[in-house]
Amino acid sequence: RTTIGVAQLYRDWFSGLKDARASGSLWLFLIAYFLFSDAILTIQNNSTLYMEAVYQFADDIKAYQFLSVLFFGAIGGFVSGYIADRFGLVRLLRAALAGWVVAVLSAAFVLNAAVFTVLFAFMGFLNGVVWSISRVLFLKLIPTSRRGEYFGLYSVFERFASVLGPLIWSAPVALLSSPGVVRYQLAMLAMGLLLTASVFFLARMRSESLASDPL
């Protein structure tokens, strides 16, 4: 039976992080993943509060909104594989995140409930695409022999994404004295900026190459 000390585990983790930084495409993906995970998970966790503050949706309407997200998310996850086969994983992920930017920034300024409903369903579709494609893309970027180690790194970036996003969302909601609608709109706008930053880092992967994937 072999035991590994905590110090060794940390050394292995930092070694994996160093190797990831040495791989330009992998490091850019992890930064982008951190940013868009931050934004998307924060929007998901706070969307009910946003719908209540901005649109005064009743609880049953919120439930229907989330049913539409689940429905269109399933469609997005299903069709993403077929689209990726034609256009490539990186291109599809960029396009999906660009769609997220448009949808979130639009939602930050739209006060019409019907328009928001369409945008929210569109976010659901894009949600299915993003989470399906990002994991497959990560698999293509890491060495096959070190998948367990690198997926640990992947999980760490995902866990840290549950910290920064909520802090950024909470800042305008908690600190500003402006009306509630404006505060929540600013919080949604901040998520749009995080998503925009993630697209920027993915765009820098343009010169990188993936085996059997047309960039």
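**A pair of rings and what lies around it**

Mentor: The protein chain has seven helices and zero strands, where helices (H or I, at least four residues) and strands (E, at least two) are DSSP runs numbered from the N terminus. This is a predicted model, in which local features need pLDDT of at least 70, side-chain atom pairs count only at pLDDT 80 or more, and totals for chains, interfaces and linings use all residues. Residues are numbered from 1 along each chain as its sequence is written, and side-chain values use heavy atoms, with hydrogens and water left out.

Now to the pair itself. Phenylalanine 57 and phenylalanine 116 form a tilted aromatic pair, 6.4 Å centre to centre with 50° between the planes. Rings of Phe, Tyr and Trp (its six-membered ring) pair if their centres lie within 6.5 Å; planes under 30 degrees apart count as stacked, over 60 as edge-to-face and the rest as tilted. Phenylalanine 57 sits in the loop between α2 and α3, while phenylalanine 116 belongs to helix α5, so the pair ties together parts 59 residues apart in sequence.

Phenylalanine 57 is buried at a relative accessible area of 12%, and phenylalanine 116 is buried at 1%; buried means under 20% relative accessible area, exposed over 50%, and partly exposed in between (1.4 Å probe, protein chains only). The two also have ring neighbours: a cluster linked by ring pairs takes in Tyr50, Tyr55, Phe57, Phe66, Phe116, Phe120, Trp169 and Tyr184.

Helix α5 covers residues 113–141, and its 29 residues should span 42 Å; the end C-alpha atoms are 41 Å apart, which agrees. That expected span is 1.5 Å times one less than the number of residues. At the N-terminal end, asparagine 112 caps α5, with a side-chain oxygen 2.9 Å from the backbone nitrogen of alanine 114.

Finally, step back to the wider setting. In the largest nonpolar core, which has 55 residues, Phe29, Leu93, Trp100 and Leu195 touch the most other members. Such a core is a set of buried Ala, Val, Leu, Ile, Met, Phe, Trp, Tyr and Cys residues joined through side-chain atoms within 4.5 Å. Helix α5 is among the helices that each supply at least two residues of this core, and α2 gives the largest share, 15 residues. Leaving aside neighbours within four places in sequence, leucine 93 is in contact (heavy atoms within 4.5 Å) with residues including Val130, Ile133 and Leu137.

Key:
A polar contact is a pair of N or O atoms within 3.5 Å; within protein, one must be able to donate a hydrogen and the other to accept it, and residues adjacent in sequence count only if both atoms are side-chain atoms.
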